[in-house]
Amino acid sequence: MTDDNDHGLRGGGHEHVPSRQRRRFPGISSRAYEHPADRSALVALRKLSGFDTVFKALSGLLPERSLRLLFLSDSVRVSDAQFAHLNTMLRDACYILDLEKVPPMYVNMDPNPNAMCIGLDEPIIVVTTGLVELLDEEEMRAVVGHEVGHALSGHSVYRTILLFLTNLALKVAWIPLGNMAIMAIVTALREWFRKSELSADRAGLLVGQDLKASMRGLMKIAGGNHLHEMNVDAFLEQAEEYEAGGDLRDSVLKILNVMPRTHPFTTVRAAELKKWAETRDYQRIMDGHYPRRDEDGDTSVSDSFRQSASSYADDVRNSKDPLMKLVNDLAGGAGDLGGKLRGRFTGQSRNDGRNDTPPADTPPADEAP
């Protein structure tokens with residue numbers, strides 16, 4: 001167990017340490033917990049010459065300053081004097097992930113449970129009253145860690161741009177080509193952002209170090225404050241049923257349903273987080289073996305893209321979704337495309353008993369090898 005309270009006090013100005021002993025991760029790079037698709041995009045963007053300059057120039061066009069003033073004037077800023085328990089959680093999260101500058105945090109009056117991390121120059125964290133009232137201490141700690149993970153990864157920059165482009169798309173909707181071009185960018189950003197949410201969920205687990213609390217928090221976001229009516233295993237079974245159920249028509253509907261979203265579906269997030277918590281990667285981080293921030297400059301863009309491509313390939317190969325299984329079959333050289341399409345669209349296999357006559361090139365059952 002790493003116990004480095006002095007470092008936290010000197011290096012980051014942290015006046016609080018975790019309320020129960022948790023492992024902290026000095027110098028941890030966000031690459032340690034980022035989803036491969038998220039990581040590859042971030043590594044590529046960080047390598048772009050002049051990237052920071054361009055986005056700082058954009059800050060004059062984006063409503064960031066307006067947002068900061070809005071939260072300052074119409075929300076409650078978390079401090080030792082206001083929402084002190086959230087302030088302690090925030091400092092704890094920054095201490096554990098070794099984020100030296102604690103971002104400002106606001107509580108905004110909104111019954112919908114939500115949290116976000118936005119900002120170009122400096123990240124700010126906003127949580128709604130609906131979320132604060134919904135979650136217990138350990139569940140909220142995971143959420144605060146989730147948002148601090150966004151800050152450490154630099155996600156707040158791209159989230160702010162996504163908000164700006166989404167609003168811009170609405171304003172130029174009457175211009176066909178202009179709207180199409182912006183929506184293409186927005187769609188790509190949303191796909192990246194959904195993966196970044198999986199990354200931040202992992203950061204939340206590293207901060208809370210309580211998988212059950214993370215699961216409870218996601219269940220509450222999905223079903224409200226009725227834990228006595230919910231069951232983690234049954235909740236995770238929903239994710240499996242969602243992935244594997246139906247036919248190709250359902251696969252298409254899943255794609256259409258998720259495209260406008262910035263977050264993956266809650267059951268999917270829970271399943272993904274549980275899967276990651278069971279990996280060797282997570283255990284190595286908990287054992288103190290993880291990429292360091294001072295090594296970020298040496299990261300290879302091509303290696304990151306290969307890891308991302310490999311991750312997507314694994315997803316397709318291991319997926320139980322009918323469309324992904326079809327793609328995997330076709331990639332493997334499976335024949336009878338027409339029959340497979342018919343079967344996947346109807347949820348039936350090509351030879352489901354209605355036609356017992358084998359194809360001409362198929363040997364009788366007693367001669368099959």
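Buried residues account for 42% of the 369 residues in the chain. The model is predicted. The chain exposes about 19,500 Å². Carbon and sulfur atoms supply 55% of that area. The chain holds 17 helices and 4 strands. Among contacts between residues at least 6 apart in sequence, 73% join residues at least 24 apart.

The largest nonpolar core comprises 47 residues. Within this core, the residues with the most contacts are Phe25, Ile28, Leu97, Val127, Met140, Val148 and Leu206. Helix 5, spanning residues 84-96, gives the most to the core, with 7 residues.

Leaving aside residues up to four places away in sequence, Val148 touches Leu90, Ala93, Cys94, Leu97, Leu99 and Ile125.

Helix 13 covers residues 266-277, 12 residues in total. From its first C-alpha to its last, helix 13 reaches 17 Å. This is close to the 16 Å expected at 1.5 Å a residue. The buried residues of helix 13 are Thr266, Thr267, Arg269, Ala270, Leu273, Trp276 and Ala277. In an α-helix there are 3.6 residues a turn, so residues three or four places apart point the same way. The buried set of helix 13 includes Thr266, Arg269 and Leu273, as well as Ala270 and Ala277.

How values were computed
Residues are numbered from 1 along each chain as its sequence is written. This is a predicted model: local features need pLDDT of at least 70, side-chain atom pairs count only at pLDDT 80 or more; totals for chains, interfaces and linings use all residues. Side-chain values use heavy atoms; hydrogens and water are left out. Helices (H or I, at least four residues) and strands (E, at least two) are DSSP runs, numbered from the N terminus. The expected span of a helix is 1.5 Å times one less than its number of residues. Buried means under 20% relative accessible area, exposed over 50%, partly exposed in between (1.4 Å probe, protein chains only). A nonpolar core is a set of buried Ala, Val, Leu, Ile, Met, Phe, Trp, Tyr and Cys residues joined through side-chain atoms within 4.5 Å. Contact means heavy atoms within 4.5 Å. Accessible areas come from the Shrake-Rupley method with a 1.4 Å probe; for residues, only the protein chains shown count as cover.
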